[in-house]
Amino acid sequence: MSVEVLPVRGLPEVRAGDDLARLITEALGASDQELRDGDVLAVTQKIVSKAEGRVVREADGPGKQGWIERETRRVVARRGDLVIAETRHGFVCANAGVDASNVGEGLLALLPEDPDASATRIRAGVGRLTGAAVAVVVTDTFGRPWREGLTNVAIGAAGLPSLIDLRGRTDANGRDLEVTIVALADEIAAASGLVMGKSDGVPVALLRGVEPPAWAPEAPASALVRDPSMDLFRLGSFEDEPVPQDSPTAGGSP
(Lines give C-alpha, C1' and ligand atoms only; values in the text may rest on other atoms or scores of the structure.)
Protein backbone atom coordinates (compact mmCIF):
# COMPACT_ATOMS: atom_id res chain seq x y z
CA MET A 1 0.00 0.00 0.00
CA SER A 2 1.23 3.51 -0.81
CA VAL A 3 -0.42 6.68 0.45
CA GLU A 4 -0.46 10.14 -1.08
CA VAL A 5 -0.94 13.19 1.14
CA LEU A 6 -2.03 16.23 -0.88
CA PRO A 7 -2.73 19.77 0.35
CA VAL A 8 -6.09 21.29 -0.53
CA ARG A 9 -5.40 24.95 -1.20
CA GLY A 10 -7.62 27.90 -1.93
CA LEU A 11 -10.19 27.75 0.85
CA PRO A 12 -11.43 31.23 1.81
CA GLU A 13 -11.50 32.52 5.37
CA VAL A 14 -14.15 30.42 7.11
CA ARG A 15 -16.91 32.19 9.03
CA ALA A 16 -19.74 31.05 11.29
CA GLY A 17 -22.45 29.28 9.32
CA ASP A 18 -20.29 28.42 6.31
CA ASP A 19 -20.88 25.09 4.58
CA LEU A 20 -17.49 23.39 4.91
CA ALA A 21 -18.39 20.57 2.55
CA ARG A 22 -19.15 23.07 -0.20
CA LEU A 23 -16.03 25.15 0.47
CA ILE A 24 -13.85 22.02 0.37
CA THR A 25 -15.38 20.68 -2.84
CA GLU A 26 -15.08 24.08 -4.52
CA ALA A 27 -11.42 24.31 -3.52
CA LEU A 28 -10.80 20.81 -4.86
CA GLY A 29 -12.51 21.68 -8.13
CA ALA A 30 -10.55 24.91 -8.54
CA SER A 31 -7.30 22.95 -8.30
CA ASP A 32 -8.51 20.09 -10.54
CA GLN A 33 -8.43 17.58 -7.68
CA GLU A 34 -11.17 15.01 -8.11
CA LEU A 35 -12.32 12.93 -5.17
CA ARG A 36 -12.44 9.15 -5.48
CA ASP A 37 -14.18 6.52 -3.40
CA GLY A 38 -11.99 5.65 -0.44
CA ASP A 39 -10.25 9.02 -0.22
CA VAL A 40 -9.86 10.57 3.22
CA LEU A 41 -10.24 14.29 3.93
CA ALA A 42 -8.37 15.57 6.97
CA VAL A 43 -9.89 18.84 8.17
CA THR A 44 -8.37 21.04 10.86
CA GLN A 45 -10.36 21.67 14.00
CA LYS A 46 -9.88 25.42 13.57
CA ILE A 47 -12.05 25.76 10.47
CA VAL A 48 -14.64 23.38 11.92
CA SER A 49 -14.85 25.55 15.04
CA LYS A 50 -15.12 28.70 12.93
CA ALA A 51 -17.93 27.28 10.79
CA GLU A 52 -19.80 26.07 13.87
CA GLY A 53 -19.56 29.40 15.70
CA ARG A 54 -17.10 28.14 18.30
CA VAL A 55 -14.97 31.29 18.13
CA VAL A 56 -15.48 33.59 21.12
CA ARG A 57 -14.29 36.95 22.38
CA GLU A 58 -11.50 36.55 24.94
CA ALA A 59 -12.94 39.36 27.04
CA ASP A 60 -16.22 37.48 27.49
CA GLY A 61 -14.46 34.70 29.44
CA PRO A 62 -13.46 36.76 31.31
CA GLY A 63 -10.11 36.34 29.62
CA LYS A 64 -8.47 33.24 28.21
CA GLN A 65 -8.21 31.59 31.64
CA GLY A 66 -11.92 32.01 32.11
CA TRP A 67 -12.66 30.21 28.85
CA ILE A 68 -10.20 27.46 29.77
CA GLU A 69 -12.06 26.95 33.05
CA ARG A 70 -15.39 26.77 31.21
CA GLU A 71 -14.05 24.13 28.81
CA THR A 72 -12.33 22.06 31.52
CA ARG A 73 -13.90 19.01 33.10
CA ARG A 74 -10.82 18.05 35.10
CA VAL A 75 -7.43 19.68 35.65
CA VAL A 76 -4.74 17.05 35.09
CA ALA A 77 -1.68 19.22 35.74
CA ARG A 78 -0.77 22.89 35.99
CA ARG A 79 2.44 24.87 35.66
CA GLY A 80 2.22 28.66 35.64
CA ASP A 81 -0.30 29.71 33.00
CA LEU A 82 -0.23 26.31 31.32
CA VAL A 83 -3.04 23.93 32.20
CA ILE A 84 -3.26 20.33 31.04
CA ALA A 85 -6.96 19.66 31.18
CA GLU A 86 -9.51 17.02 30.34
CA THR A 87 -12.34 18.36 28.21
CA ARG A 88 -15.96 17.24 28.21
CA HIS A 89 -15.06 15.04 25.23
CA GLY A 90 -12.46 13.17 27.30
CA PHE A 91 -9.48 14.72 25.48
CA VAL A 92 -6.47 15.56 27.65
CA CYS A 93 -4.68 18.55 26.13
CA ALA A 94 -3.14 21.94 26.82
CA ASN A 95 -5.59 24.63 27.94
CA ALA A 96 -8.61 22.42 27.24
CA GLY A 97 -8.13 23.06 23.53
CA VAL A 98 -8.69 26.83 23.85
CA ASP A 99 -6.45 28.41 21.21
CA ALA A 100 -5.69 31.91 19.96
CA SER A 101 -3.76 30.94 16.80
CA ASN A 102 -5.23 31.66 13.36
CA VAL A 103 -8.17 33.66 14.73
CA GLY A 104 -8.58 37.41 14.93
CA GLU A 105 -7.16 39.68 17.61
CA GLY A 106 -8.96 39.22 20.92
CA LEU A 107 -10.65 36.01 19.78
CA LEU A 108 -10.28 32.39 20.89
CA ALA A 109 -11.24 29.14 19.21
CA LEU A 110 -12.93 26.44 21.28
CA LEU A 111 -13.13 22.79 20.31
CA PRO A 112 -16.27 21.70 18.42
CA GLU A 113 -19.08 20.50 20.65
CA ASP A 114 -19.15 17.08 18.96
CA PRO A 115 -16.23 16.54 16.53
CA ASP A 116 -17.50 13.12 15.40
CA ALA A 117 -20.82 14.70 14.41
CA SER A 118 -18.88 17.45 12.63
CA ALA A 119 -16.98 14.84 10.61
CA THR A 120 -20.24 13.04 9.79
CA ARG A 121 -21.84 16.24 8.48
CA ILE A 122 -18.83 17.12 6.31
CA ARG A 123 -18.70 13.59 4.94
CA ALA A 124 -22.40 13.60 4.08
CA GLY A 125 -22.14 17.01 2.42
CA VAL A 126 -19.10 16.06 0.34
CA GLY A 127 -20.78 12.84 -0.72
CA ARG A 128 -23.92 14.70 -1.74
CA LEU A 129 -21.96 17.25 -3.78
CA THR A 130 -19.47 14.90 -5.44
CA GLY A 131 -20.97 11.42 -5.32
CA ALA A 132 -17.73 10.11 -3.80
CA ALA A 133 -17.73 7.86 -0.74
CA VAL A 134 -14.99 9.48 1.34
CA ALA A 135 -13.99 9.41 4.98
CA VAL A 136 -13.37 12.52 7.09
CA VAL A 137 -10.99 13.04 10.01
CA VAL A 138 -11.11 16.24 12.08
CA THR A 139 -7.61 16.98 13.37
CA ASP A 140 -6.11 19.02 16.17
CA THR A 141 -2.54 19.53 17.35
CA PHE A 142 -1.67 17.99 20.71
CA GLY A 143 1.48 17.60 22.75
CA ARG A 144 2.32 14.20 24.21
CA PRO A 145 3.57 13.07 27.61
CA TRP A 146 7.24 12.05 27.67
CA ARG A 147 7.91 13.35 24.14
CA GLU A 148 8.84 16.80 22.86
CA GLY A 149 7.00 18.43 20.01
CA LEU A 150 3.47 18.48 18.70
CA THR A 151 1.62 16.23 16.29
CA ASN A 152 -1.83 16.13 14.74
CA VAL A 153 -4.33 13.73 16.28
CA ALA A 154 -7.89 12.82 15.37
CA ILE A 155 -10.63 14.40 17.47
CA GLY A 156 -13.44 13.51 15.07
CA ALA A 157 -13.90 10.87 12.39
CA ALA A 158 -16.52 9.40 10.09
CA GLY A 159 -16.44 6.70 7.45
CA LEU A 160 -13.47 4.68 8.69
CA PRO A 161 -12.34 2.54 11.62
CA SER A 162 -10.60 4.92 14.02
CA LEU A 163 -9.18 1.81 15.71
CA ILE A 164 -8.13 -1.44 14.06
CA ASP A 165 -8.06 -4.30 16.56
CA LEU A 166 -5.45 -6.82 15.43
CA ARG A 167 -5.58 -8.98 18.55
CA GLY A 168 -5.99 -12.63 17.67
CA ARG A 169 -4.43 -12.18 14.23
CA THR A 170 -0.85 -12.97 13.25
CA ASP A 171 2.14 -10.84 12.33
CA ALA A 172 4.37 -11.31 9.25
CA ASN A 173 6.21 -14.14 11.03
CA GLY A 174 3.05 -15.98 11.98
CA ARG A 175 3.17 -14.98 15.66
CA ASP A 176 -0.12 -14.28 17.39
CA LEU A 177 -0.81 -10.61 18.08
CA GLU A 178 -1.97 -10.22 21.66
CA VAL A 179 -2.02 -6.48 22.40
CA THR A 180 -1.96 -4.59 19.09
CA ILE A 181 -4.73 -2.08 18.39
CA VAL A 182 -3.79 0.45 15.70
CA ALA A 183 -5.01 4.05 16.03
CA LEU A 184 -5.68 4.52 12.31
CA ALA A 185 -7.42 7.89 12.63
CA ASP A 186 -4.47 9.30 14.59
CA GLU A 187 -2.04 7.99 11.98
CA ILE A 188 -4.05 9.73 9.26
CA ALA A 189 -4.15 12.95 11.27
CA ALA A 190 -0.39 12.87 11.88
CA ALA A 191 0.31 12.29 8.17
CA SER A 192 -1.94 15.20 7.19
CA GLY A 193 0.19 17.53 9.31
CA LEU A 194 3.02 17.13 6.79
CA VAL A 195 1.13 19.34 4.33
CA MET A 196 -0.90 21.51 6.74
CA GLY A 197 1.67 23.74 8.40
CA LYS A 198 0.52 26.20 11.06
CA SER A 199 1.51 29.17 8.88
CA ASP A 200 0.78 27.71 5.43
CA GLY A 201 -2.93 28.46 5.28
CA VAL A 202 -3.79 24.87 4.31
CA PRO A 203 -6.62 23.63 6.57
CA VAL A 204 -7.53 20.51 4.56
CA ALA A 205 -5.52 17.57 3.24
CA LEU A 206 -6.53 14.79 0.87
CA LEU A 207 -5.13 11.34 1.64
CA ARG A 208 -5.35 8.74 -1.08
CA GLY A 209 -4.47 5.08 -0.75
CA VAL A 210 -5.53 4.50 2.86
CA GLU A 211 -6.94 0.98 2.85
CA PRO A 212 -8.25 -0.20 6.21
CA PRO A 213 -9.09 -3.90 6.30
CA ALA A 214 -12.60 -4.68 5.14
CA TRP A 215 -13.32 -6.60 8.34
CA ALA A 216 -12.60 -3.59 10.62
CA PRO A 217 -15.87 -1.89 11.59
CA GLU A 218 -16.24 1.87 11.29
CA ALA A 219 -15.72 3.67 14.59
CA PRO A 220 -15.70 7.37 15.54
CA ALA A 221 -12.73 9.17 17.01
CA SER A 222 -14.38 9.04 20.43
CA ALA A 223 -13.35 5.37 20.44
CA LEU A 224 -9.76 6.58 20.81
CA VAL A 225 -10.46 8.07 24.24
CA ARG A 226 -9.33 5.62 26.90
CA ASP A 227 -11.90 4.66 29.50
CA PRO A 228 -10.99 6.32 32.82
CA SER A 229 -11.10 2.95 34.59
CA MET A 230 -8.22 1.78 32.37
CA ASP A 231 -6.12 4.96 32.71
CA LEU A 232 -3.20 3.86 34.89
CA PHE A 233 -1.71 7.35 35.17
CA ARG A 234 -4.86 8.88 36.59
CA LEU A 235 -4.08 6.90 39.76
CA GLY A 236 -0.33 7.50 39.99
CA SER A 237 2.17 4.70 40.54
CA PHE A 238 0.66 1.37 41.59
CA GLU A 239 0.66 -2.32 40.88
CA ASP A 240 -2.47 -4.27 40.20
CA GLU A 241 -3.80 -7.32 38.44
CA PRO A 242 -2.74 -7.80 34.80
CA VAL A 243 -4.90 -5.94 32.29
CA PRO A 244 -7.43 -8.30 30.64
CA GLN A 245 -6.63 -8.93 26.98
CA ASP A 246 -10.08 -7.80 25.88
CA SER A 247 -9.69 -4.34 27.45
CA PRO A 248 -8.93 -1.11 25.54
CA THR A 249 -5.66 -0.66 27.46
CA ALA A 250 -4.33 -3.84 25.90
CA GLY A 251 -3.97 -1.89 22.67
CA GLY A 252 -0.70 -0.22 23.59
CA SER A 253 1.17 1.60 26.29
CA PRO A 254 -1.03 3.11 29.02
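These legends describe close-up views of a predicted model.

**View 1. Five strands form an open sheet.**
The strand order is S1-S12-S2-S8-S9, and the pairing is mixed. Strand S1 (4-8) and strand S9 (147-158) stand at the edges. Each has a single partner strand, so one side of each has no neighbour in the sheet. From one strand to the next, the twist averages 30°.

**View 2. Strand S1 pairs with strand S12 (residues 204-208).**
The two strands pair in the antiparallel sense. Five bridges join them. Look for Glu4: opposite it stands Arg208 in S12.

**View 3. Helix H4 (residues 115-130) lies across S2, strand S8 (135-144) and S9.**
H4 runs at about 60° to S9. How far apart are the end C-alpha atoms of H4? They are 22 Å apart. After H4 comes Gly131, which has a positive phi near 80°.

**View 4. Helix H4 has buried residues under a cover of other elements.**
The buried residues are Pro115, Asp116, Ser118, Ala119, Ile122, Gly125 and Val126. Which elements cover them? The cover includes H1, S2, helix H2 (45-51), S8 and S9.

**View 5. Helix H5 (residues 184-192) lies across S1, S2, S8, S9 and S12.**
H5 runs at about 120° to S9. The buried residues of H5 are Leu184, Ala185, Ile188, Ala189 and Ser192. Seen down the axis of H5, these buried residues fall within an arc of 140°, so they line one face of the helix. An α-helix has 3.6 residues a turn, so residues three or four places apart point the same way.

**View 6. Asp32 has a positive phi without being a glycine.**
The phi of Asp32 is about 60°. Where is Asp32 found? Asp32 sits in the loop between helix H1 (20-30) and strand S2 (40-44). Is Asp32 buried or exposed? Asp32 counts as exposed, because its relative accessibility is 72% and the cut-off for exposed is over 50%.

**View 7. Asn102 also has a positive phi, in a residue other than glycine.**
The phi of Asn102 is near 60°. Asn102 lies in the loop between strand S6 (92-94) and strand S7 (107-109). Its relative accessible area is 46%, so Asn102 is partly exposed.

Methods. Residues numbered from 1 in each chain as written. Predicted model: local features only at pLDDT ≥ 70, side-chain atom pairs only at ≥ 80, totals over all residues. Heavy atoms only, no water. Helix = DSSP H or I, 4+ residues; strand = E, 2+ residues; numbered from the N terminus. Buried < 20%, exposed > 50% of the residue type's maximum accessible area, 1.4 Å probe, protein only. Pairing = 2+ DSSP bridges. Axes fitted to C-alpha atoms, helices over the stretch in contact; angles between N-to-C directions. Contact = heavy atoms within 4.5 Å. Arc of directions from axis to C-beta. Expected span 1.5 Å × (residues − 1).
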